[in-house]
Amino acid sequence: MSDYSAAERQILLKTARDAIQYTLDQDGPMHVDPEEYPENLRTARASFVTLELNGQLRGCIGSLVAHQPLIQDVAHNAYAAAFADPRFPQVTDEEAPQLSIHISVLSVPEPMSFSSEADLLQQLRPGVDGLILTDGVYRSTFLPIVWEQIPDPAQFLAHLKAKAGLPSNYWSNSIRFERYTAELIGA
């Protein structure tokens, strides 16, 4: 069951693409007035925008906590994925029309209770859960779609630790995990 109609999904995708093109044309982020959009897109929601070029990751930026209307969050994250992801050079005029855009609208993250790493692994729902790891200054997340590349829960967790800058076998009494789901909207 989708939280968004086909028309709303198209508006979100068009806004993401427009935010990228606007920056290429105007050299700055696009302003979005939430009042011009359907009520469902004005609700505060957290989102990630993932860009792919020829099937390869080209940028991915998002927010884990809802802090602005979804339509603004998507526009901001599309801009950031295209022009501020430190892993990639900025998207070019030539690349922009070829980008595949995927939007993940996140549920509110829920803290997980577990007694050990094995207990945590037992609770994970491959293909369903996005996971946030936090331990002191270390923090990382994988969206639910990452299960497509890393379907094994132990490997998923090991890669999430590495993404946070921790050894893959790291464990501590202060490590925390939250899980969330995401509605994927994309071309």
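1. The sheet is open and has 4 strands, ordered β2-β1-β3-β8 and paired antiparallel. The model is a predicted one. The edge positions belong to β2 (56-62) and β8 (182-186); each has a single partner strand, so one side of each lacks a neighbour in the sheet. From one strand to the next, the twist averages 20°.

2. Within the sheet, β1 (residues 46-53) pairs with β3 (residues 100-106) in the antiparallel sense, over 7 bridges.

3. Helix α1 lies across β1, β3 and β8, and runs at about 120° to β3. Helix α3 packs on the sheet too, where α3 touches β1, β2 and β3; the direction of α3 makes about 35° with that of β1.

4. The helices also pack on each other. Two packed helices are described by the angle between their axes and the distance between those axes. For α1 (residues 6-26) and α3 (residues 70-83), the angle is about 45° and the axes are 8 Å apart. The two are therefore oblique to each other, and the crossing of α1 and α3 is right-handed.

5. Which residues make the contact between α1 and α3? From α1 come I11, L12, T15, A16, A19, I20, T23 and L24, which meet L70, I71, V74, A75, A78, Y79, A82 and F83 of α3. Sorted by class, the contact of α1 with α3 has 14 nonpolar and 2 polar residues, with no charged ones.

Technical notes
Residues are numbered from 1 along each chain as its sequence is written. This is a predicted model: local features need pLDDT of at least 70, side-chain atom pairs count only at pLDDT 80 or more; totals for chains, interfaces and linings use all residues. Side-chain values use heavy atoms; hydrogens and water are left out. Axes are lines fitted to C-alpha atoms, for helices over the stretch in contact, and angles run from 0 to 180 degrees between N-to-C directions. Angles under 35 degrees count as roughly parallel, over 145 as roughly antiparallel, 65 to 115 as roughly perpendicular and the rest as oblique. A crossing is left-handed if the near helix is turned anticlockwise from the far one by less than a right angle, and right-handed if clockwise. Contact means heavy atoms within 4.5 Å. Ala, Val, Leu, Ile, Met, Phe, Trp, Tyr, Cys and Pro count as nonpolar, Asp, Glu, Lys and Arg as charged, and the others, Gly among them, as polar. Two strands pair if DSSP finds at least two bridges between them.
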